[in-house]
Amino acid sequence: SAAQASQATAQPQKLAATASTANKSVVSADTAGNTYPSGQCTWFVKGDLSWVGNHWGNASAWGASATAAGHTVNSSASVGAVALFAPGVGGASSYGHVAVVDSVNPDGTITISEANYAGKAFNERTISTSGVQFIHQ
């Protein structure tokens, strides 16, 4: 209802996460502060990185949307950046895929956290940066 919607927007955005090894898990985001569909990779990344914009579209559109919003998009990984997988890269569907860069490792790999990957609500993995783009704050 309209009353519920106005009450939801009056509440400060709250993010809650249950404990896991990386102090992350599936994020429960206040829907008033996150426009992406619950459980999707885009929803997870927005819930984890507050600087990410709403209404950037499917993951495949995030590079263009982030550039339009003034963010740098390149092939250089950094902690706290968005890892952007174009359709077909790293197993991404035609919608693309996004994840959060948790670490850049000495061997050149990165460790990411993500939602809705390989049938899992939450996943962490270490991958090569080959073919991956990065959106920076």
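Start by selecting helix H2: it lies across strands E4 (82–85), E5, E6 and E7. If you compare its direction with that of E5, you will find H2 running at about 40° to that strand. Keep in mind throughout the tour that this is a predicted model.

**The sheet under the helix**

Next, colour the strands of the open sheet, six in number, which follow the order E3-E8-E4-E5-E6-E7 with antiparallel pairing. Go to the edges, where you will meet strand E3 (72–74) and strand E7 (120–127). Each of these has a single partner strand, so one side of each is left without a neighbour in the sheet. Now look at how the strands are set against one another: on average, neighbours in this sheet are turned by 30°, direction ignored.

Select residues 97–104, strand E5, together with residues 110–117, strand E6. The two pair in the antiparallel sense over four bridges.

**A stop at Asn-34**

Finally, move to the loop between strand E2 (27–29) and helix H2 (41–48), where Asn-34 is found. Is Asn-34 buried or exposed? Its relative accessibility is 4%, and because buried means under 20%, Asn-34 counts as buried.

Show the side chain of Asn-34 and look for two polar contacts to the backbone. One of its polar atoms lies 3.1 Å from the backbone nitrogen of Tyr-36. The side chain of Asn-34 also reaches the backbone oxygen of Trp-43, at 3.0 Å.

Methods:
Residues numbered from 1 in each chain as written. Predicted model: local features only at pLDDT ≥ 70, side-chain atom pairs only at ≥ 80, totals over all residues. Heavy atoms only, no water. Buried < 20%, exposed > 50% of the residue type's maximum accessible area, 1.4 Å probe, protein only. Polar contact = N/O pair within 3.5 Å; in protein donor to acceptor, adjacent residues only side chain to side chain. Pairing = 2+ DSSP bridges. Axes fitted to C-alpha atoms, helices over the stretch in contact; angles between N-to-C directions. Contact = heavy atoms within 4.5 Å.
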